[in-house]
Amino acid sequence: MIAETVCSAVSAAGLGIAAVTAYRKRFLSAARLAAYSLVPVGLVLTGVVGWASDTAFSLKAWVGFGVLGAAWLMFMGTRAVERRAGGTRKERKAAKAAQREAVAPTASAPSLGQGVRPSAAQPAAKPKAAAPAEDFSDIEAILKKHGI
């Protein structure tokens, strides 16, 4: 009964402030204030206020809130341990992908060839001749321009 009276008084005060605001030609703000002012009365009429007051004085409801809080703490604790142990989810995925790519795809395939050693089949290849000297005159000009 007291909660309904308080909600009605809050709504009446809010509608009064909205009327004064509308008198000052601030219609958008007045409409917003009127909307906020009607919320407490709407909550009383739907029964939410009665439910909330019954819940606030119920031991069973408070035990339920305690269980929900414990579940939330456990969830957040496991998340913290997971983050400390393995970094972010992207880092763990990248590490798994790098581990898969570390092994060559043909490393585990059996060799079906004759088993000839490469050194016996072919003599060692001679290193290729050095490439012709490249023209670095443009790079030298840039370095001289900057005093290097």
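The model is predicted: local features need pLDDT of at least 70, side-chain atom pairs count only at pLDDT 80 or more, and totals for chains, interfaces and linings use all residues. Residues are numbered from 1 along each chain as its sequence is written, and side-chain values use heavy atoms, without hydrogens and water.

The protein chain has 7 helices and 0 strands. Helices (H or I, at least four residues) and strands (E, at least two) are DSSP runs, numbered from the N terminus. Along the sequence the pattern reads α-α-α-α-α-α-α.

The chain has 148 residues, and 7% of them count as buried. Buried means under 20% relative accessible area, exposed over 50%, and partly exposed in between (1.4 Å probe, protein chains only).

Two residues show the two ends of this scale.

What does Thr55 touch, not counting residues up to four places away in sequence? Thr55 touches Ala61, Trp62 and Phe65. Contact means heavy atoms within 4.5 Å. Across the protein chain, take the contacts with a separation of 6 or more: residues 24 or more positions apart account for 35% of them.
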